[in-house]
Amino acid sequence: MDPIPAAVVARIDELRSRIDHHNYLYFVLDNPGISDSEYDRLMAELRTLEGDYPQLVTPTSPTQRVGAAPLLALEQVAHAVPMLSLDNAFTEHELCEFDRRVRERLGTTQEIEYAAEPKLDGLAVSLLYEGGVLTRGATRGDGHTGEDITHNVRTIATVPIRLRGEGWPAVLEVRGEVYMPRAGFDALNHRARLQGEKVFVNPRNAAAGSLRQLDPGVAATRPLVMACHGVGRVEEGASLPTRYSAIMQDLAAWGFRASAERRVVVGAAGCFAYYQAMCDRRTALGYDIDGVVFKVDDLGLQQRLGFVSRAPRWAVAYKFRAEEEQTLVEQIEVRVGRTGALTPVARLRPVFVGG
Ligand code: 9MJ
């Protein structure tokens, strides 16, 4: 075999770095650095060089987001650190009660600082990075065991294949939400309608259906976005910041999308003001949220608060009121059980309520 010219190796390296960088500017920061045609030219040159020198193709190359063959089944994945869900609050009173319990448990009358962010209505995922390279993506599942969806998360442009910058732990599990922005969802359904295919009822179902595909080629055509909202397993001895808000800042520097709406607010009053502001911003966001999330910002305090069964004591999801619709009871059937018990069953005229 002919030796590979050093200039080719260097050019491939440069193209990959430039493409990764422009992907980051375009998809994560929503701030393109070059035109689409310039980007296409860089990709085309890289594909040509990799075609000429297939021995130089690596799994982290931007040309390799979509792996080869579809899988036969999704493997199970055990979460080293359980993926907790969130307790809900539905009223201002319940929000104040959450804040009161936090302060009572911490034995303080001082105001607490909370990291506030929108509650994305998508699917929670875990992304494992080893040596700065994405090695595994998994669904939340029941919080202890999820499914391996590495092949699909790799196709999401906002999921870094390699971490940017420096200072990241050698083992880092990033957690976040995969969702489908509304414009992408509408376009996907428009295409499906034109082709006589099944349409999705809402962006969340579309995102979930996309992530569970066996063929990464399908997920690659779906307009999915990943935004981070936490970390799981971290290399022992690694030093991450001691505040949630600072960790989000680090994750953003390492190439992740962190919500542009994230803020640090003070006390229950600060939380409520944030909630009201997000109620007003909700329709302008371009993606579905079903509430806002408040997390005690200080990780030392989080640790002291701990968690119960499935949810941390240091966080709460303040949910928007569910969409409501009226319909008609068209008929009432009475079913007779084995023991003779009568169960009335209402037949409702179908209505659409957020999917
Ligand atoms: C969503 N769905 O946007 C969490 N989430 O934190 C945010 N979910 C979460 N945080 C701990 N922003 C468990 C779940």
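Ala, Val, Leu, Ile, Met, Phe, Trp, Tyr, Cys and Pro count here as nonpolar, Asp, Glu, Lys and Arg as charged, and the others, Gly among them, as polar. The model on screen is predicted: local features need pLDDT of at least 70 and side-chain atom pairs count only at pLDDT 80 or more, while totals for chains, interfaces and linings use all residues. Residues are numbered from 1 along each chain as its sequence is written, and side-chain values use heavy atoms, with hydrogens and water left out.

**Stop 1: the ligand**

Strands (E, at least two residues) and helices (H or I, at least four) are DSSP runs, numbered from the N terminus.

**Stop 2**

On Glu117, a polar side-chain atom is 2.8 Å from a ligand nitrogen. On His229, a side-chain N or O atom is 3.3 Å from a nitrogen of the ligand. Leu120 uses a backbone N or O atom, 2.8 Å from a ligand oxygen. Taken alone, the ligand exposes 340 Å², and the protein buries 87% of that (Shrake-Rupley method, 1.4 Å probe).

**Stop 3: the largest pocket**

A pocket is an open set of points on a 1 Å grid over the protein atoms alone, where a 1.4 Å probe fits, with protein on both sides within 12 Å along at least five of seven lines; lining residues have an atom within 4 Å of a point. The ligand takes up space in the largest pocket (more than half of its atoms lie within 2 Å of the grid points).

The volume of this pocket, the space filled by probe spheres set on the points, is about 1400 Å³. Of its 44 lining residues, select the closest to the centre: Leu84, Arg175, His229, Lys295 and Trp314. Strand E8 (225-234) gives the largest share of the lining, seven residues.

**Stop 4: the second largest pocket**

Select Asn23, Tyr26, Phe27, Tyr39 and Ala157, which lie nearest the centre of the second largest pocket. Helices H1 (6-28), H2 (36-52) and H7 (216-220) each give two or more residues to its lining. By class, that lining has 17 nonpolar, eight polar and six charged residues.

Technical notes. A polar contact is a pair of N or O atoms within 3.5 Å; within protein, one must be able to donate a hydrogen and the other to accept it, and residues adjacent in sequence count only if both atoms are side-chain atoms.
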